[in-house]
Amino acid sequence: MIYKFYQQHIFPHLLNQVMQTPSLMDKRRELLATVSGEVLEIGFGTGLNLAFYQNVDTLYALEPNPDIYHLAAERICATPFDVQHIQASAEKLPFADASLDHIVSTWTLCSIAHVEQALAEIYRVLKPSGTFHLVEHVLHNENQRIQLFQNLLTPLQKKVADGCHLNRDMEKLLKNAQFELLQCEYFDAATIPKIGQRMLLVRAQKCS
Ligand SMILES: C[S@@+](CC[C@H](N)C(=O)[O-])C[C@H]1O[C@@H](n2cnc3c(N)ncnc32)[C@H](O)[C@@H]1O
């Protein structure tokens with residue numbers, strides 16, 4: 001009961017604050033500058049990307065958790081383009097095959113329970129010429145000590161942070177899902193604890 005209260009009434013507010021860390025907001029700006037037209041955002045959260053979309057007509061804001069989506073209300077009201085809430089999970093996207101030009105995911109793939117299935121769905125609904133834009137915290141492949149702690153602490157992190165894994169090798173997962181990585185940049189985000197600091201920014205297309 002206490003855990004349910006935490007998940008419904010405390011965690012969404014913590015998420016909303018933590019995800020506004022300036023170094024993360026800077027990466028949102030960089031990632032989203034070239035995204036335009038009709039866009040699917042996976043794990044929309046509290047709407048923190050909205051301010052950075054420059055040429056978007058319609059945003060399909062896919063967010064399964066109503067307690068989190070609720071905190072996006074004011075940001076959605078202040079947005080000049082159409083935002084449509086899709087209450088669904090990335091593992092089963094309610095879109096036709098090869099129907100979308102742009103799909104966005106910011107720090108969401110870490111939290112998806114069946115990430116391989118979600119990537120297969122993203123692959124399915126993306127047009128052959130479409131682009132998947134993502135930024136994510138990842139397994140630190142160059143530091144064995146951090147990696148050890150990421151593996152040890154992931155079970156606890158999943159409990160306190162709504163299913164978030166500290167130890168996903170996103171580059172490997174994307175390549176296994178048949179994505180071609182047009183841009184693939186690792187960086188360490190400022191002011192984030194070392195265990196979640198290593199990040200990956202990717203633009204990917206379907207392998208031709
Ligand atoms: C760490 S938050 C990131 C939120 C937002 N993308 C951002 O950048 O601030 C992870 C988000 O993924 C969502 N999520 C979790 N499981 C999901 C799933 N299976 N499909 C789609 N979204 C999911 C959560 O509800 C949460 O909003």
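This is a predicted model: local features need pLDDT of at least 70, side-chain atom pairs count only at pLDDT 80 or more; totals for chains, interfaces and linings use all residues.
**View 1. Strand β5 and its antiparallel neighbour β7.** Strand β5, residues 126–137, and strand β7, residues 198–206, run antiparallel and are joined by six bridges. Within this pairing, Glu136 has Leu200 of β7 as its bridge partner. Strand β5 is mostly covered, with nine of its twelve residues buried.

**View 2. Strand β5 and its parallel neighbour β4.** Strand β4, which spans residues 100–106, pairs with β5 in the parallel sense over six bridges, and Ser105 has Leu134 of β5 as its bridge partner. Together with helix α5, residues 115–125, the strands β4 and β5 make a right-handed β-α-β unit.

View 3. Strand β2, residues 55–62, is mostly covered, six of its eight residues being buried. Strand β1, residues 36–42, runs parallel to β2 and is joined to it by seven bridges, and here Ile42 stands opposite Leu62 of β2. Strand β3, residues 82–86, also runs parallel to β2, to which five bridges join it, and in this pairing Thr58 stands opposite Asp82 of β3.

**View 4. The buried residues of helix α2.** In helix α2, residues 22–32, the residues Ser23, Leu24, Met25, Lys27, Arg28, Leu31 and Leu32 are buried. An α-helix has 3.6 residues a turn, so residues three or four places apart point the same way. The buried residues of α2 pack against helix α1 (2–18) and against the strands β4, β5, β6 (179–188) and β7.

**View 5. The residues around the ligand.** Of the 19 residues around the ligand, those that come nearest are Arg28, Gly43, Glu63, Glu91 and Thr106; Arg28 is also one of the buried residues of α2. A polar side-chain atom of Glu63 lies 2.6 Å from an oxygen atom of the ligand, and a polar side-chain atom of Thr106 likewise lies 2.6 Å from an oxygen atom of the ligand. For Glu91, the ligand atom concerned is a nitrogen, which lies 2.8 Å from a polar side-chain atom of that residue. Taken alone, the ligand exposes 600 Å², and the protein buries 92% of that area.

Methods. Residues are numbered from 1 along each chain as its sequence is written. Side-chain values use heavy atoms; hydrogens and water are left out. Buried means under 20% relative accessible area, exposed over 50%, partly exposed in between (1.4 Å probe, protein chains only). Helices (H or I, at least four residues) and strands (E, at least two) are DSSP runs, numbered from the N terminus. Two strands pair if DSSP finds at least two bridges between them. A crossover is right-handed if, with the strands pointing away from the viewer, the path from the first strand over the helix to the second runs clockwise. A residue is near a molecule or strand if one of its heavy atoms lies within 4 Å of it. A polar contact is a pair of N or O atoms within 3.5 Å; within protein, one must be able to donate a hydrogen and the other to accept it, and residues adjacent in sequence count only if both atoms are side-chain atoms. Accessible areas come from the Shrake-Rupley method with a 1.4 Å probe; for residues, only the protein chains shown count as cover. Contact means heavy atoms within 4.5 Å.
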